[in-house]
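This report looks at the spaces inside one protein and at the residues packed around them. Have the model open as you read.

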Amino acid sequence: MSSLFDIKGYLAIKRAQVDEALNRYMLQSEGELAGHIEAMRYSLFAGGKRVRPILCVAAAESVRHDKTVAGDSLLAAACALECIHTYSLIHDDLPAMDNDDLRRGRPTNHRMYGEAGAILAGDGLLTFAFDLLSRADYADSKPDLQLKVIEIISRAAGPLGMVGGQAMDLDSEGKEIPFSVLRSIHSRKTGALITASVQSGAVLGGATAEQLDSLTVYGEQIGLAFQIVDDLLNVQGTTEELGKAAGSDALRKKATYPAFFGVDRTKKMAAESVEHALAALTSFDHRADPLRELAGYIIHRRR
(Lines give C-alpha, C1' and ligand atoms only; values in the text may rest on other atoms or scores of the structure.)
Protein backbone atom coordinates (compact mmCIF):
# COMPACT_ATOMS: atom_id res chain seq x y z
CA MET A 1 0.00 0.00 0.00
CA SER A 2 1.28 3.45 -0.89
CA SER A 3 2.62 5.36 2.12
CA LEU A 4 2.31 8.62 0.17
CA PHE A 5 -1.47 8.49 -0.14
CA ASP A 6 -3.33 10.47 2.56
CA ILE A 7 -6.13 8.06 3.40
CA LYS A 8 -7.35 10.10 6.39
CA GLY A 9 -7.70 13.19 4.24
CA TYR A 10 -9.40 11.19 1.48
CA LEU A 11 -11.89 9.68 3.91
CA ALA A 12 -12.70 13.08 5.41
CA ILE A 13 -13.35 14.61 1.99
CA LYS A 14 -15.47 11.72 0.75
CA ARG A 15 -17.39 11.42 4.01
CA ALA A 16 -18.29 15.11 3.82
CA GLN A 17 -19.33 14.68 0.19
CA VAL A 18 -21.56 11.71 1.04
CA ASP A 19 -23.06 13.47 4.07
CA GLU A 20 -23.90 16.53 1.95
CA ALA A 21 -25.56 14.34 -0.68
CA LEU A 22 -27.47 12.34 1.95
CA ASN A 23 -28.79 15.52 3.51
CA ARG A 24 -29.79 16.83 0.09
CA TYR A 25 -31.54 13.64 -1.01
CA MET A 26 -33.14 12.58 2.27
CA LEU A 27 -36.61 13.81 3.15
CA GLN A 28 -36.83 16.51 5.82
CA SER A 29 -38.60 16.03 9.16
CA GLU A 30 -41.68 18.11 8.45
CA GLY A 31 -45.36 17.78 7.69
CA GLU A 32 -47.57 14.83 8.55
CA LEU A 33 -44.68 12.33 8.37
CA ALA A 34 -42.28 14.40 10.48
CA GLY A 35 -41.99 11.80 13.25
CA HIS A 36 -41.34 8.92 10.85
CA ILE A 37 -38.76 10.85 8.85
CA GLU A 38 -37.10 12.05 12.05
CA ALA A 39 -36.62 8.40 13.06
CA MET A 40 -35.05 7.64 9.68
CA ARG A 41 -32.72 10.64 9.90
CA TYR A 42 -31.79 9.86 13.52
CA SER A 43 -29.94 6.71 12.52
CA LEU A 44 -28.82 7.84 9.08
CA PHE A 45 -26.98 10.84 10.53
CA ALA A 46 -25.67 9.15 13.68
CA GLY A 47 -22.02 9.50 12.67
CA GLY A 48 -21.40 6.47 10.48
CA LYS A 49 -18.01 5.92 8.84
CA ARG A 50 -19.65 5.80 5.35
CA VAL A 51 -17.39 2.91 4.33
CA ARG A 52 -19.81 1.48 1.75
CA PRO A 53 -20.55 4.72 -0.12
CA ILE A 54 -16.86 5.65 -0.06
CA LEU A 55 -15.96 2.25 -1.51
CA CYS A 56 -18.53 2.88 -4.25
CA VAL A 57 -16.97 6.22 -5.16
CA ALA A 58 -13.41 4.91 -4.88
CA ALA A 59 -14.18 1.98 -7.18
CA ALA A 60 -15.58 4.36 -9.79
CA GLU A 61 -12.47 6.51 -9.51
CA SER A 62 -10.23 3.49 -9.99
CA VAL A 63 -11.53 2.85 -13.52
CA ARG A 64 -12.29 6.38 -14.75
CA HIS A 65 -9.81 8.35 -16.83
CA ASP A 66 -11.42 11.69 -16.06
CA LYS A 67 -12.10 13.32 -12.72
CA THR A 68 -15.86 13.77 -13.05
CA VAL A 69 -16.78 10.72 -10.98
CA ALA A 70 -19.08 12.45 -8.48
CA GLY A 71 -22.10 12.63 -10.80
CA ASP A 72 -25.68 12.33 -9.65
CA SER A 73 -26.10 8.63 -10.41
CA LEU A 74 -22.88 7.69 -8.56
CA LEU A 75 -23.71 9.76 -5.49
CA ALA A 76 -27.27 8.43 -5.51
CA ALA A 77 -25.94 4.86 -5.54
CA ALA A 78 -23.49 5.69 -2.76
CA CYS A 79 -26.27 7.21 -0.65
CA ALA A 80 -28.61 4.31 -1.38
CA LEU A 81 -25.99 1.89 -0.07
CA GLU A 82 -25.74 3.88 3.17
CA CYS A 83 -29.53 3.91 3.53
CA ILE A 84 -29.62 0.12 3.15
CA HIS A 85 -26.76 -0.34 5.59
CA THR A 86 -28.47 1.93 8.15
CA TYR A 87 -31.77 0.08 7.78
CA SER A 88 -29.95 -3.18 8.49
CA LEU A 89 -28.42 -1.75 11.68
CA ILE A 90 -31.80 -0.49 12.92
CA HIS A 91 -33.36 -3.92 12.40
CA ASP A 92 -30.33 -5.81 13.77
CA ASP A 93 -30.66 -3.85 17.03
CA LEU A 94 -34.35 -4.71 17.54
CA PRO A 95 -35.39 -6.83 20.55
CA ALA A 96 -36.34 -9.69 18.24
CA MET A 97 -32.85 -9.64 16.71
CA ASP A 98 -29.74 -8.64 18.72
CA ASN A 99 -31.63 -6.54 21.29
CA ASP A 100 -28.99 -3.81 21.58
CA ASP A 101 -29.40 -0.56 23.50
CA LEU A 102 -26.48 1.35 21.97
CA ARG A 103 -25.37 2.04 18.41
CA ARG A 104 -22.53 4.48 17.59
CA GLY A 105 -22.56 5.60 21.21
CA ARG A 106 -26.23 6.65 21.14
CA PRO A 107 -29.48 4.93 22.11
CA THR A 108 -30.61 2.57 19.36
CA ASN A 109 -33.52 3.59 17.16
CA HIS A 110 -36.12 1.48 18.96
CA ARG A 111 -35.03 2.98 22.30
CA MET A 112 -35.79 6.43 20.90
CA TYR A 113 -38.87 5.80 18.76
CA GLY A 114 -40.29 2.51 19.96
CA GLU A 115 -40.09 -0.89 18.31
CA ALA A 116 -42.78 -0.21 15.72
CA GLY A 117 -41.26 3.18 14.88
CA ALA A 118 -37.84 1.60 14.39
CA ILE A 119 -39.20 -1.13 12.14
CA LEU A 120 -40.90 1.48 9.98
CA ALA A 121 -37.78 3.69 9.95
CA GLY A 122 -35.79 0.74 8.62
CA ASP A 123 -38.50 -0.07 6.08
CA GLY A 124 -38.52 3.55 4.98
CA LEU A 125 -34.75 3.69 4.47
CA LEU A 126 -34.66 0.43 2.51
CA THR A 127 -37.44 1.52 0.18
CA PHE A 128 -36.10 5.05 -0.20
CA ALA A 129 -32.77 3.56 -1.33
CA PHE A 130 -34.44 2.06 -4.40
CA ASP A 131 -36.26 5.33 -5.05
CA LEU A 132 -32.81 6.93 -5.30
CA LEU A 133 -31.39 4.17 -7.47
CA SER A 134 -34.21 4.21 -10.00
CA ARG A 135 -34.61 7.94 -10.63
CA ALA A 136 -34.57 8.82 -14.30
CA ASP A 137 -33.71 12.53 -13.99
CA TYR A 138 -29.96 12.27 -13.46
CA ALA A 139 -28.09 14.13 -16.17
CA ASP A 140 -25.29 11.56 -16.22
CA SER A 141 -27.48 8.47 -15.92
CA LYS A 142 -27.41 5.58 -18.36
CA PRO A 143 -30.50 3.39 -17.92
CA ASP A 144 -28.67 0.14 -18.63
CA LEU A 145 -26.03 0.90 -15.99
CA GLN A 146 -28.65 2.03 -13.46
CA LEU A 147 -30.56 -1.21 -14.01
CA LYS A 148 -27.38 -3.26 -13.53
CA VAL A 149 -26.64 -1.45 -10.26
CA ILE A 150 -30.20 -2.03 -9.02
CA GLU A 151 -29.75 -5.74 -9.77
CA ILE A 152 -26.41 -5.89 -7.94
CA ILE A 153 -27.60 -4.06 -4.84
CA SER A 154 -31.01 -5.73 -4.56
CA ARG A 155 -29.41 -9.17 -4.76
CA ALA A 156 -26.81 -8.25 -2.14
CA ALA A 157 -29.43 -6.83 0.23
CA GLY A 158 -32.02 -9.59 -0.16
CA PRO A 159 -32.55 -13.23 0.80
CA LEU A 160 -29.43 -14.45 -0.99
CA GLY A 161 -27.34 -11.73 0.65
CA MET A 162 -27.66 -9.60 3.76
CA VAL A 163 -31.15 -10.65 4.87
CA GLY A 164 -30.35 -14.32 4.33
CA GLY A 165 -27.12 -13.93 6.28
CA GLN A 166 -28.99 -12.38 9.20
CA ALA A 167 -31.50 -15.25 9.13
CA MET A 168 -28.66 -17.80 9.18
CA ASP A 169 -26.93 -15.89 11.98
CA LEU A 170 -30.03 -15.92 14.18
CA ASP A 171 -30.67 -19.59 13.43
CA SER A 172 -27.10 -20.47 14.41
CA GLU A 173 -27.08 -18.79 17.83
CA GLY A 174 -26.28 -21.24 20.60
CA LYS A 175 -25.55 -24.06 18.15
CA GLU A 176 -22.37 -25.74 17.04
CA ILE A 177 -22.01 -25.11 13.33
CA PRO A 178 -19.30 -26.04 10.83
CA PHE A 179 -16.90 -23.35 9.68
CA SER A 180 -18.43 -23.46 6.18
CA VAL A 181 -21.70 -22.13 7.63
CA LEU A 182 -19.91 -19.34 9.51
CA ARG A 183 -18.11 -18.35 6.31
CA SER A 184 -21.44 -18.28 4.47
CA ILE A 185 -23.03 -16.13 7.19
CA HIS A 186 -20.20 -13.61 7.03
CA SER A 187 -20.12 -13.48 3.23
CA ARG A 188 -23.86 -12.78 3.14
CA LYS A 189 -24.53 -10.67 6.22
CA THR A 190 -21.58 -8.30 5.85
CA GLY A 191 -19.61 -9.17 2.74
CA ALA A 192 -22.42 -9.04 0.19
CA LEU A 193 -23.23 -5.33 0.57
CA ILE A 194 -19.55 -4.36 0.74
CA THR A 195 -18.89 -6.29 -2.47
CA ALA A 196 -21.95 -4.70 -4.08
CA SER A 197 -20.65 -1.26 -3.09
CA VAL A 198 -17.43 -1.87 -5.00
CA GLN A 199 -19.23 -3.45 -7.95
CA SER A 200 -21.76 -0.61 -8.21
CA GLY A 201 -19.04 2.02 -8.35
CA ALA A 202 -17.13 -0.02 -10.91
CA VAL A 203 -20.20 -0.36 -13.15
CA LEU A 204 -21.06 3.34 -12.96
CA GLY A 205 -17.40 4.21 -13.59
CA GLY A 206 -17.42 2.21 -16.82
CA ALA A 207 -15.31 -0.77 -15.75
CA THR A 208 -14.43 -3.42 -18.31
CA ALA A 209 -15.51 -7.01 -17.63
CA GLU A 210 -11.97 -7.84 -16.51
CA GLN A 211 -11.81 -4.84 -14.19
CA LEU A 212 -15.19 -5.72 -12.71
CA ASP A 213 -14.03 -9.28 -12.03
CA SER A 214 -10.91 -8.02 -10.25
CA LEU A 215 -12.84 -5.48 -8.21
CA THR A 216 -15.38 -8.15 -7.27
CA VAL A 217 -12.57 -10.25 -5.79
CA TYR A 218 -11.29 -7.17 -3.97
CA GLY A 219 -14.76 -6.48 -2.57
CA GLU A 220 -15.27 -10.07 -1.44
CA GLN A 221 -11.92 -10.13 0.36
CA ILE A 222 -12.29 -6.81 2.17
CA GLY A 223 -15.86 -7.75 3.05
CA LEU A 224 -14.51 -10.87 4.72
CA ALA A 225 -11.75 -8.89 6.45
CA PHE A 226 -14.31 -6.35 7.68
CA GLN A 227 -16.44 -8.99 9.40
CA ILE A 228 -13.42 -10.81 10.83
CA VAL A 229 -12.25 -7.54 12.36
CA ASP A 230 -15.78 -6.95 13.69
CA ASP A 231 -15.55 -10.33 15.41
CA LEU A 232 -12.17 -9.38 16.91
CA LEU A 233 -13.36 -5.98 18.08
CA ASN A 234 -16.34 -7.54 19.83
CA VAL A 235 -13.87 -9.65 21.81
CA GLN A 236 -11.08 -7.11 22.35
CA GLY A 237 -12.75 -3.70 22.13
CA THR A 238 -14.58 -1.73 24.81
CA THR A 239 -18.12 -0.40 24.72
CA GLU A 240 -16.72 3.14 24.61
CA GLU A 241 -14.52 2.32 21.59
CA LEU A 242 -17.19 0.43 19.69
CA GLY A 243 -20.17 2.63 20.46
CA LYS A 244 -22.14 -0.54 21.19
CA ALA A 245 -22.01 -3.35 23.73
CA ALA A 246 -18.68 -5.19 23.72
CA GLY A 247 -18.65 -8.95 24.31
CA SER A 248 -22.21 -9.36 23.04
CA ASP A 249 -21.29 -12.14 20.60
CA ALA A 250 -20.12 -14.40 23.41
CA LEU A 251 -23.17 -13.61 25.53
CA ARG A 252 -25.46 -14.64 22.67
CA LYS A 253 -23.26 -17.66 21.89
CA LYS A 254 -22.69 -16.53 18.32
CA ALA A 255 -20.32 -18.38 16.04
CA THR A 256 -17.35 -16.09 15.29
CA TYR A 257 -13.83 -16.38 13.91
CA PRO A 258 -12.20 -15.94 17.35
CA ALA A 259 -14.49 -18.64 18.76
CA PHE A 260 -13.33 -21.02 16.00
CA PHE A 261 -9.65 -20.12 15.73
CA GLY A 262 -8.63 -17.93 18.66
CA VAL A 263 -7.55 -14.30 18.50
CA ASP A 264 -4.04 -14.72 17.07
CA ARG A 265 -5.05 -16.98 14.19
CA THR A 266 -8.05 -14.75 13.46
CA LYS A 267 -5.79 -11.71 13.13
CA LYS A 268 -3.66 -13.61 10.61
CA MET A 269 -6.76 -14.59 8.63
CA ALA A 270 -7.88 -10.95 8.45
CA ALA A 271 -4.41 -9.96 7.20
CA GLU A 272 -4.50 -12.75 4.60
CA SER A 273 -7.85 -11.49 3.28
CA VAL A 274 -6.40 -8.00 2.89
CA GLU A 275 -3.40 -9.43 1.03
CA HIS A 276 -5.75 -11.23 -1.37
CA ALA A 277 -7.70 -8.00 -1.85
CA LEU A 278 -4.54 -6.07 -2.71
CA ALA A 279 -3.41 -8.79 -5.11
CA ALA A 280 -6.66 -8.33 -7.02
CA LEU A 281 -5.64 -4.72 -7.72
CA THR A 282 -2.25 -5.56 -9.24
CA SER A 283 -3.28 -4.49 -12.74
CA PHE A 284 -4.68 -1.13 -11.54
CA ASP A 285 -2.67 2.10 -11.48
CA HIS A 286 -2.47 4.89 -8.90
CA ARG A 287 -6.18 5.64 -9.28
CA ALA A 288 -6.83 2.54 -7.17
CA ASP A 289 -4.66 3.79 -4.29
CA PRO A 290 -7.75 4.79 -2.26
CA LEU A 291 -8.98 1.19 -2.51
CA ARG A 292 -5.56 -0.11 -1.47
CA GLU A 293 -5.43 2.18 1.54
CA LEU A 294 -9.04 1.44 2.46
CA ALA A 295 -8.09 -2.21 2.81
CA GLY A 296 -5.51 -1.23 5.40
CA TYR A 297 -7.96 1.10 7.11
CA ILE A 298 -10.48 -1.71 7.47
CA ILE A 299 -8.06 -4.08 9.17
CA HIS A 300 -6.62 -1.46 11.56
CA ARG A 301 -9.86 0.26 12.61
CA ARG A 302 -10.94 0.31 16.25
CA ARG A 303 -14.70 0.50 15.76
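Start with residue classes: Ala, Val, Leu, Ile, Met, Phe, Trp, Tyr, Cys and Pro count as nonpolar, Asp, Glu, Lys and Arg as charged, and the others, Gly among them, as polar. The model is predicted: local features need pLDDT of at least 70, side-chain atom pairs count only at pLDDT 80 or more, and totals for chains, interfaces and linings use all residues. Residues are numbered from 1 along each chain as its sequence is written, and side-chain values use heavy atoms, with hydrogens and water left out.

**Confidence**

pLDDT is the predictor's confidence in each residue, from 0 to 100. The protein averages a pLDDT of 91. At least 70 is reached by 91% of the residues. Helices (H or I, at least four residues) and strands (E, at least two) are DSSP runs, numbered from the N terminus. Among the elements, helix α2 (residues 34-44) has the highest mean pLDDT, 98. Helix α10 (residues 239-242) has the lowest, 63.

**Cavities and a pocket**

Spaces are found on a 1 Å grid over the protein atoms alone. A cavity is a set of points where a 1.4 Å probe fits but cannot get out. A pocket is an open set with protein on both sides within 12 Å along at least five of seven lines. Lining residues have an atom within 4 Å of a point. Grid points are joined across faces, edges and corners, and a volume is the space filled by probe spheres set on the points.

The structure holds two cavities of 30 Å³ or more. Of the 13 residues lining the largest cavity, Ser43, Ala46, Asp93, Arg103 and Asn109 are closest to its centre. Elements giving two or more residues to this lining are α2, α4 (72-92) and β2 (106-107). With three residues, α4 gives the most.

The second largest cavity has 10 lining residues, and closest to its centre are Ser73, Ala77, Leu133, Gln146 and Leu204. Here α4, α5 (109-134) and α6 each supply at least two residues.

The second largest pocket is lined by 23 residues. Nearest its centre lie Ala192, Thr195, Gln199, Thr216 and Glu220. Two or more lining residues come from each of α6 (143-157), α8 (179-204) and α9 (209-236). The largest share, 10 residues, comes from α8.

| Space | Volume | Lining residues by class |
|---|---|---|
| Largest cavity | about 90 Å³ | five nonpolar, four polar, four charged |
| Second largest cavity | about 50 Å³ | eight nonpolar, two polar, no charged |
| Second largest pocket | about 480 Å³ | seven nonpolar, 10 polar, six charged |

**Cores**

In soluble globular proteins, nonpolar side chains tend to be buried together. Buried means under 20% relative accessible area, exposed over 50%, partly exposed in between (1.4 Å probe, protein chains only). A nonpolar core is a set of buried Ala, Val, Leu, Ile, Met, Phe, Trp, Tyr and Cys residues joined through side-chain atoms within 4.5 Å.

The largest nonpolar core has 42 residues. Tyr25, Met26, Cys83, Ile84, Leu125 and Val149 touch the most other members. The largest share of this core, 12 residues, comes from α4. Apart from it lies another core of 27 residues, including Val51 and Ile222.

Contact means heavy atoms within 4.5 Å. Not counting residues up to four places away in sequence, Ile84 touches Leu126, Ala129, Phe130, Ile153, Ala157, Met162 and Leu193.

**A buried serine**

Ser62 sits in helix α3 (residues 51-63). Ser62 has a relative accessible area of 1%, so it is buried. Beyond four places in sequence, Ser62 touches Leu215, Phe284, Arg287, Ala288 and Leu291.
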